[in-house]
Structures are given as structure tokens and as C-alpha cells.
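Try each task on the coordinates before you turn to its solution.

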Amino acid sequence: MESGTLRAGAAEGRLSPPVGTALGAYTGRADFLGESSSPDRRFDELSGAFVPSYGIETRQRGKVLALEAGGETVLIVKADLALADEAITHEVARRVGQMRGLDLAGKVVLSTSHSHSQFAQYTTNSILWVGLGRQRAIVFERIVNDLVAVALDALDDLRPARLGIAHDPNFDPEDRVTRDRRPQNDALQGGPRDDHDLFVVRVDDAESGTPIAVLPVFGMHGTVLDADNLLASTDSTGGIERVLEERFDERVVVMHLQGAGGDVSPAGTGGIACPSRPCYDFARVESVGRLAVDAILTAWMDAGDNLQSELSMEMVTRHVALGPDWNNFVVRDGALRYAPMDGTTFADNVVYDEDGQIASPIDEFNAPYGAALCGEDGNALFPRSQIAGTWNQDHAYASCSRVESAADILGELIVLPFEPMPSCATTRTVVSALRLGLGEEDFVFVALPGEVNTTIADLVRAGSPLPYGQTVVLGYAQGHVGYLLTVEDWLAKGYEPSINVWGPLEGERIAEQALEVARLAVTDEREDGEVGGSDRYVPRELDDSDVPSPDPAPMAGTVEEVVYDRLYVRGQRLESNEPEATIPRLGSAIFAWMGESPRAGTPTITIERGGLRRHLGDASAPQRAPGRGPGFPALPHARSADSFHAAAGTHAPLGGGVAARDAARTEGLDTLGDRVGLATGRYRFHVVGTGYEITSRPFEVAPTTMELEAAIAGGRLTGRARFHAPQGWRLLHLTLRSNEPVPATGDVTLRVTTGEGDVEVMATLDADGRFDVEVPAGATAVRVIDRFGNLGDVTF
């Protein structure tokens, strides 16, 4: 394979599905499945029987790294989506290729964040609608168009570059960033196991040496937030990206790519206390990033030891046939296969033979159109969907529901217009392999269309044509079939086998095909990966005729004198739609206005201080037409250098939004203890909406008050200073709950009042915020003043 001078470009931009779109990927947001509910029981035609989203905490983003070398152009696309969709991958390649005269078929890697709190309703796989809601054309098209725009920007950014890759095989040994979430496969792996392989791709400008992009790769679910959260959020993977971005002085595109995250949960520490639901633990999301960033930066530095400006590159893609033809499922060189699927022959229920090996052919998965909800205890959820002969059996097949029967029932219960089974998107999938040759060392990236369990990642690395440390497994990429498990892992039961369609052999079928294209990618020749593959399925046309046009909003851009009586902001009742005149640090600035329908657009919010404007993000919220229930919030999130963090928001009827920020951070003060040092002064919100532009009334940010305990005994003055932000969402401490009292830090001045006047004593607080100094004679009171002018008082 011919190498060539590397050119690289990177870009990022916002994804723009409207607020009101259902969030993925918790099934509990479906009304029938009932873990989440709308506080005001609103209905949105867009989300249908799923609870609509209420606003935005962190805006979905699309990011693209374009690589060009040796006559090959490849786009690595990262999208803040719950899971990948093959139709999106294909459309981005097709549209960008047409616009730039490039053949990008099979040359786009689509990696997704797997946040369970991001706008959904885009997937063409109707089986997955149970967790993501019915596909809507408005959502699909906006995502594709936004990703295409970012990809074009990345191609426009192409310039000479250098690239390096580093591998840390012992990432997060104390499980502070991630943790194992699947005890059922511990026996297969010698104990609890998560994705401890961290890869970092570093791309720098060849001339200036400034960073272009950083791609950390490891597996982790995006599930810090639960199904009761109705605010769009990038969750844990977004926390990784934002914290890493803040460590760079220059602009850099940070793209976390998923690895083997199928059986891995985010860990994190601290967060906030949640005495009631919903629990918006955005603070713990940030803690995940802070706990991971040092290891990622160490690997980034290591990648700098082997930066290459010459690169050999090849990407090979193949479409893989799955069901309903059971003959496609033959793995392990023919050792395991399915028996013919006729839907009626009773299973013999012999799962293992006399030697303890898996019995083949497997007749327990007699599901001609596929089955789901396998691996649970008990029988099928719907009796008529039971696989023949598996009733009351103690194996993973007993709870399987044949999809054609289950779809009929679920389609009625949660109003999903399922296509006739099998779902077209489940009949085939797509795998890719990308080889990057760095001088004498090659790396191969194997992209798999689903939630890769560590057992499958181990299988791929063991069968890879390159060594373990040079094989990068990408999960949640290209498309999505559900969880990818080895046969033994699937048979171990548990939650994960419940979300795939073609049973225990599906994971290894896909992995073996991915390894075939990986072997093609590392040869000296350029091969067509589609040889031996399947054709691509073509999604059906979408009908959004039941979704009305955006409601008119004649009052958009106005601020009403009277607060709407159902305007609710996280337990607070507002006295005004404008921010309070003076807001202490750690307080919240809240601005409410009348806005547009979310399907018409999403406002952009900035905050201005002293003539400087800081971009905060975007906010929107569903509006109501006359006679409907009230609308609710708009929540943007502070990006890298912003001075405020998203707090809460709801909005008045007929559109509108609320911008809300915890006053908790000043640029240049990076430690958690510095977050009480937000620059004082005058601020205001600036909002650019669809057809309007408004600013809030200015407000003053002032020092805050510390909770102070102090006592005098034995000639010593002892005490403790703490901050308390009960309504805050910002991370203030890495181990304590940030909405409970947290210690003040650093040097303080103790101004002691005596009968002869004030005496100032300097002290340094310990990790608990405590001080212990010699007390001046006659002390009657003490004021503690920290380095930012925050203060606390005690009278003796």
C-alpha cells in the first residue's frame, strides 16, 4: 500500500433536533414502560407515546476528523447520539462525496457517544424504537445535514499534519472512571472486567505543532443520568471531552470514541445529593472527565513520541447478511450453527452436550424473524411470543419473545407503526476496518455496529492480524444491532442478551466478518471489502404528516411583566422573569422570555460581562398553542471557556425559554476550589432566537457567604469554613456532594474583633476547611475572608 504525506482537518458543530424530541436510549421513557413521566403530562406530536424532552443541558455536537494520505480520504465522524445508524453513515458519505467529488462509499467511520439522554427518533431500525421512539424525518434530516456541514468544514481545514497513537493497557485500574456492569460474565473473564485499554490518537499541525484533534478511545456507557432526566445531555462521554478541551490553550477538537462499552458503566465520584427524583447529577458527569483526564494526557504525550507526517491508510467496509436466513449464522469454523428456523418445531432444550460444550445445531432459537428480551428469568413477556418448546426452561432462551408477535402488541401499547417483520434494518449490518500505517508500526481500527462487550473485544483482538496493542476496537459505530456478545456470554443470561435480535450467534457472526475486513485492510493491496458481503438495505420513506408545522409565536422575543404562575425552576418560584439585581457566587441567574416553537429553531445564548461576550450554548423548550398545557425549559450548557454552568429552566406558554447559570467559574481558575472565585461585576444574557434578539436586565455578581463554625478554647481559635449551594448543579468537590456543604480552600484572613479593635490573622485551611490559630485576647467575633473576597461571620 502506498504511503503519502498526511493532511488532516477537524471541525465541530451543533446538531439541531428540536426540543420535544424523545430522548434515547431508556425504554422507561415510553409511557407504557413507565419509569419516566412528564411532570405536567404534556403531549408532543413529535415524540408521540414517549415522554418529550424538556430542554437542553449540554447541546448535541457533531465532530469530524478528515484524513488524507496516499490517495485515500477518510472521515472519522463523532456524533452525540445514543447509537449509530447505518443510514446516517451512508447518507453522510453520499452527500459529502457528491459535494466534493470524492468517493467516500465505505470511507466514513461513524462513532457515537451512547449518551442515554440525547435526542433520539432518528434510527431506521424499528426494533430499536422501543428505546428511542419512532423515527422522524425532521430529526433524521437535521442530524444528517448538520454532520454533512461539519464534514465539509473538516475537509476545508485540511493541512499538512502529523499523527501518533499511544496505548495504555492498564487504564483506570481503580475503577474511578468506569466499572464493570455485567457480573454474569465474570466467570468467563476471571473476575470483574471493564475496558481497561485506552488508545489516544494525536493529530498535530505539521508546521506549527499546534493540536488539531485528540481522540481518546475506551468503552463506557453514557448512563450517569437516569430515565427520569428529560434534559438533553452528552452525559459521561461529553464530560470527558469538555474537561480535556479545557486543558489545552489552543482550539482542539476532542472526540471520545467508544470502545468495548457494552458491559461498562461510568463511575465518577461526588456529584449531588438527590433526595427526590428526578436527579440531575450533571456534577458527577464532570467528575468522570476529571478522573480520566490525566491518564488521557499522559497517553497523548506518549503519542507525541512517534508523530508521523507520512501515512499509509486504507479503509475497508462490508455489509453483513444476518437473518432471516439461519444459514448465515455459522461461526467458529462451522462448530456452531442454528438449526432450521420454522417457528414451530419444539426445542430439545439441550443447550450443552455431555462434555459441557455448547450443543450444535442450536434449535432453542427457533425464531424466523428474530427474537428479543432473551436472557431474563422466567418466560416470554407476552405468552404468544414464546419460542416453541422453551416454556418454563431454565436457560437464556426461555424469556425470548419472537419479534413478530411482540411487535404487534407493543405497537398497540406505545403507538409504534412497526413494519412487517423482520425489520429490514435487522437483516443485515455493516462493519469496517481502518488501517493507519505509522512508519514501522501499523494500527487497525475495527468498527463494530453495536454495544461491544469486553468478551467480543477480546475475541477481536485475539483474532486480529495485528498485535493486541495495535488493534483498536470501536463500538457503537457504523450501525446498531444491539449488544454484541460471545456465545457463552449470551448464554450467561442477564440484561444484555435481551437487546439483540438474532440470538447467541449474532455477535460472533459480526465479529468474524469484521476480522475478515481487518485482514484485508492490512495487506499491501487495496481490496473491495464488499466481495463476499451483502447488499445494503434501503430505508423506507418516512411519513411525518401527523407532526404539525411549528406553532406561530407572535410574542417571541418579549419578556412579560408577570411571571407565568406555572413557571417552575427546580423547586424555586420566580418573582420576576428577569435575573435578580444582585446574585452571589454559587447562586443562579435566571432569565425567562417568550420564544419560538422548538421546531422552528433553537435560541443561541451568550453571556456578556464588561463588554465581553461568552458563548454559552443553545436553549429551547416546547411551546404550547392556546388551550394546551404550559411549556417547559430551555437549558444550554457552558462550553470550554464559559463562565457559567447550566442550572435550571422552564418557560412560559407560547414558546420561550429560561437561561440559567450557576455563578461558579472564572476563566483561568481551573481547580475545583477556585470555582467560588467567579469574577464579580455586571453581567447580562444575550439571546438570538428565530426572528428576534433580546438581552436581559443586567445583574451584579457579588461575593458569596461562607458557612462558618468557630470556637475559642485554651487560647486557640478553631473553626471550619464551608460553602453551600443547595440549588447548584456545578461540581464543587471531587468526593463530596456538591449541593451539600463543601470545604473552603486555600489561604484566608481571619479578622478577629476585640475590645481594642480588629486584629487580622492569616491561616491556611486544611482539606476539611478547618483552621486553628492562636486567638487574640478579648476576641468577641471573627470574620473569615477567602482569597476571592467571600466571607463568613461568627459572634462569640
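## Exercise 1: the largest pocket

The lining of the largest pocket is made up of 23 nonpolar, 14 polar and 8 charged residues, where Ala, Val, Leu, Ile, Met, Phe, Trp, Tyr, Cys and Pro count as nonpolar, Asp, Glu, Lys and Arg as charged, and the others, Gly among them, as polar. The model is predicted, so local features need pLDDT of at least 70 and side-chain atom pairs count only at pLDDT 80 or more, while totals for chains, interfaces and linings use all residues. Residues are numbered from 1 along each chain as its sequence is written, and side-chain values use heavy atoms, with hydrogens and water left out.

Task: state how much space lies in the largest pocket, which residues are the closest to its centre, and which element gives the most to its lining.

Solution. Begin with the term: on a 1 Å grid over the protein atoms alone, a pocket is an open set of points where a 1.4 Å probe fits, with protein on both sides within 12 Å along at least five of seven lines, and lining residues have an atom within 4 Å of a point. The volume is the space filled by probe spheres set on the points, which are joined across faces, edges and corners. On this basis the largest pocket holds about 1100 Å³ of space. Of its 45 lining residues, Ala25, Thr27, Tyr495, Ser498 and Ile499 are the closest to the centre. H7 gives the most, with 4 residues.

Ala25 also deserves a look at its backbone. Ala25 is placed in the loop between strand S3 (23-24) and strand S4 (55-56), and the peptide bond that leads from Gly24 to Ala25 is cis, with omega near 15°.

## Exercise 2: aromatic pairs

Task: classify the pair of Phe282 and Trp729 and the pair of Tyr483 and Tyr495, and say which parts of the chain each of them ties together.

Solution. A pair of aromatic rings is described by the distance of the centres and the angle of the planes. Rings of Phe, Tyr and Trp (its six-membered ring) pair if their centres lie within 6.5 Å, and planes under 30 degrees apart count as stacked, over 60 as edge-to-face and the rest as tilted. The count by this rule is 16 aromatic pairs. For Phe282 and Trp729, the centres are 5.0 Å apart and the planes stand at 65°, which makes the pair edge-to-face. Because Phe282 lies in helix H6 (residues 282-303) and Trp729 in the loop between strand S36 (716-723) and strand S37 (742-743), this pair ties together parts that are 447 residues apart in sequence. Phe282 is buried at a relative accessible area of 3%, and Trp729 is buried at 2%, where buried means under 20%, exposed over 50% and partly exposed in between (1.4 Å probe, protein chains only).

The rings of Tyr483 and Tyr495 have centres 6.0 Å apart and planes at 80°, so this pair is edge-to-face. Tyr483 belongs to strand S25 (residues 483-484) and Tyr495 to the loop between helix H9 (487-491) and helix H10 (506-521), so the parts tied together are 12 residues apart in sequence. Tyr483 is buried at 2% relative accessibility, whereas Tyr495 is partly exposed at 41%.

## Exercise 3: a buried loop

Task: which backbone oxygens do the side chains of His256 and Gln258 reach?

Solution. Locate the residues: His256 is in the loop between S14 and S15, and Gln258 is in the loop between strand S14 (253-254) and S15. His256 is buried, with a relative accessible area of 0%, and Gln258 counts as buried at 0%. Then follow the side chains: that of His256 reaches the backbone oxygen of Phe218 at 3.0 Å, while that of Gln258 reaches the backbone oxygen of Ser113 at 2.9 Å.

Methods: Helix = DSSP H or I, 4+ residues; strand = E, 2+ residues; numbered from the N terminus. Polar contact = N/O pair within 3.5 Å; in protein donor to acceptor, adjacent residues only side chain to side chain.
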